[in-house]
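Here are my notes for a colleague opening this structure for the first time. Please read them with the model on screen.

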2 protein chains.
Amino acid sequence: MPDQNTRLYFELFNEIGIIAQLNRAALEQHLTDGMVLPQFSVLNHLIRVQDGRTPQELASAFQVPKTSMTHTLQGLEKAGFVDVRANEKDKRSKRIWITDAGRTFREKSIASLGPEIKEIAAAITPKQVEDALPFLCALREHLDKARD
Amino acid sequence: MPDQNTRLYFELFNEIGIIAQLNRAALEQHLTDGMVLPQFSVLNHLIRVQDGRTPQELASAFQVPKTSMTHTLQGLEKAGFVDVRANEKDKRSKRIWITDAGRTFREKSIASLGPEIKEIAAAITPKQVEDALPFLCALREHLDKARD
DNA sequence: ACTATATTGTTCGATATCGAACTAAATGGA
DNA sequence: TCCATTTAGTTCGATATCGAACAATATAGT
């Protein structure tokens with residue numbers, strides 16, 4: 001493995017790390033009630049994929065340790081944005097449902113992000129994003145698989 | 001802004017966030033001495049760009065708050081991987097120099113990452129990375145500019 | 001030169017993150 | 001059925017992250 005290649009992959013992950021960083025900071029400026037990105041992302045996921053997910057499914061979806069997801073969900077529950085109910089099919093487990101307040105919060109947040117997204121879209125077109133996504137998905141999937 | 005586009009950009013940042021997450025976890029498994037990704041990244045930056053940077057320059061480079069960089073540097077200094085010296089040209093400021101121990105640590109870490117990178121390179125070719133980088137750089141630069 | 005403003009870095013407190021150890025429930029052999 | 005192993009989720013403790021407030025120094029405008 002020539003050093004040049006190592007450098008290339010380092011640069012890739014460096015850029016990705018910084019983008020994640022900037023995205024997080026920008027997004028959290030639009031979230032009220034002290035919500036943070038992981039909490040907002042969970043709300044989105046519950047709507048996009050379907051609610052009724054278990055905490056473990058959510059942790060896997062976001063590739064965070066389950067302890068982190070516990071913490072995230074506790075915050076969402078305290079804010080009244082999700083309901084945590086027992087899972088009849090597996091009594092070790094729970095299921096997470098988004099509440100009306102959660103839906104409203106999400107919608108308001110997205111609305112307030114509108115101008116931001118519009119601005120990004122002016123510089124980075126949807127077409128470009130579509131073209132880039134397969135690469136990112138492949139990279140994600142590979143890292144995911146290699147995780148043992 | 002149609003909802004479809006919003007969704008697209010959300011997905012983009014979601015993928016990027018997860019990749020950053022996975023990269024961090026994978027990388028930290030190869031770091032000894034309890035070093036974490038930001039500390040390793042700083043060492044890399046000091047070699048790649050040139051050491052003698054100020055903490056503020058480093059914070060900007062990684063787009064983290066300066067308090068976070070203070071913390072990162074304190075860890076590196078305690079480990080003996082960087083020297084923090086006064087900045088003659090600006091007495092508010094400091095300059096960071098990598099030590100021999102820091103260089104050695106970085107080299108060993110990179111060596112131990114070799115197989116990992118090789119494995120990634122098998123799935124994601126350097127060519128693909130090169131093709132993807134301009135998009136990521138553009139996105140990063142835009143977010144950076146939009147940060148006010 | 002003088003003063004207002006900006007910049008650098010720190011400390012502090014609140015919160016986020018996560019690994020280890022734990023409990024409870026499910027699963028898979030014998 | 002019984003017991004070993006696996007899985008879901010929590011608690012706990014250590015550390016990371018970051019905003020606010022601060023002190024020291026630099027810069028800009030007059």
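1. Start with Asp33(B), which sits in the loop between α1 (3-28) and α2 (37-48) of chain B. Helices here are DSSP runs of H or I with at least four residues, strands are runs of E with at least two, and both are numbered from the N terminus. Asp33(B) is not a glycine, yet has a positive phi of about 60°. Most residues other than glycine have a negative phi. Asp33(B) counts as exposed because 12 other C-beta atoms lie within 10 Å. The cut-offs are 20 or more other C-beta atoms within 10 Å for buried, 12 or fewer for exposed, and partly exposed in between, with C-beta atoms placed from the backbone.

2. **The counterpart in chain A.** Asp33(A) lies in the loop between α1 and α2 of chain A. Its phi is positive too, at about 55°, and Asp33(A) is not a glycine. Asp33(A) is exposed, with 12 C-beta neighbours inside 10 Å.

3. **What the model is.** This is a predicted model: local features need pLDDT of at least 70, side-chain atom pairs count only at pLDDT 80 or more, and totals for chains, interfaces and linings use all residues. Residues are numbered from 1 along each chain as its sequence is written, while chains are lettered from A and ligands numbered from 1 in the order in which they are written.

4. **Chain A at a glance.** Chain A has 6 helices and 2 strands. Along the sequence they follow the pattern α-α-α-α-β-β-α-α. The C-alpha trace of chain A spans about 55 × 40 × 25 Å along its principal axes. Of the 148 residues in chain A, 26% are buried. Take the contacts in chain A between residues at least 6 apart in sequence: 46% of them join residues at least 24 apart. Two residues are in contact if their C-beta atoms, placed from the backbone, lie within 7 Å.

5. **A helix crossing.** How do α2(A) and α5(A) pack? Their angle is about 110°, and their axes are 10 Å apart. Axes are lines fitted to C-alpha atoms, for helices over the stretch in contact, and angles run from 0 to 180 degrees between N-to-C directions. So α2(A) is roughly perpendicular to α5(A), a label for angles of 65 to 115 degrees. On the α2(A) side, Phe40(A), Leu43(A), Asn44(A) and Ile47(A) make the contact. On the α5(A) side, Gly102(A), Phe105(A), Arg106(A) and Ser109(A) do. By class, this contact has 4 nonpolar, 3 polar and 1 charged residues. Ala, Val, Leu, Ile, Met, Phe, Trp, Tyr, Cys and Pro count as nonpolar, Asp, Glu, Lys and Arg as charged, and the others, Gly among them, as polar.

6. **The protein interface.** In all, 51 residues of chain A are in contact with 51 residues of chain B. On the chain A side, α1 (3-28), α2 (37-48), α5 (100-123) and α6 (126-145) each give two or more residues. The most come from α1(A), with 19 residues. The chain A side divides into 31 nonpolar, 12 polar and 8 charged residues.

7. **Symmetry.** A rotation of 180° with 0.0 Å of shift along its axis superposes chain A on chain B, with an RMSD of 0.0 Å. That is the relation of a two-fold axis. Copies are superposed by least squares on the C-alpha atoms of residues with pLDDT of at least 70 in both. In chain A, the C-alpha of Ile16(A) is nearest the axis, 3.1 Å from it. The same surface serves both copies, as 100% of the contact residues of chain A recur in chain B.

8. **DNA strand C.** There are 22 residues around DNA strand C, and Lys91(A), Thr54(B), Gln56(B), Thr70(B) and Ser93(B) come nearest. A residue is near a strand if its C-beta atom, placed from the backbone, lies within 6 Å of it. α4(A) gives the most to this surface, with 5 residues. The surface has 6 nonpolar, 10 polar and 6 charged residues.

9. **DNA strand D.** The largest share of the surface near DNA strand D, 5 residues, comes from α4(B).

Technical notes: Parallel < 35°, antiparallel > 145°, perpendicular 65-115°, else oblique.
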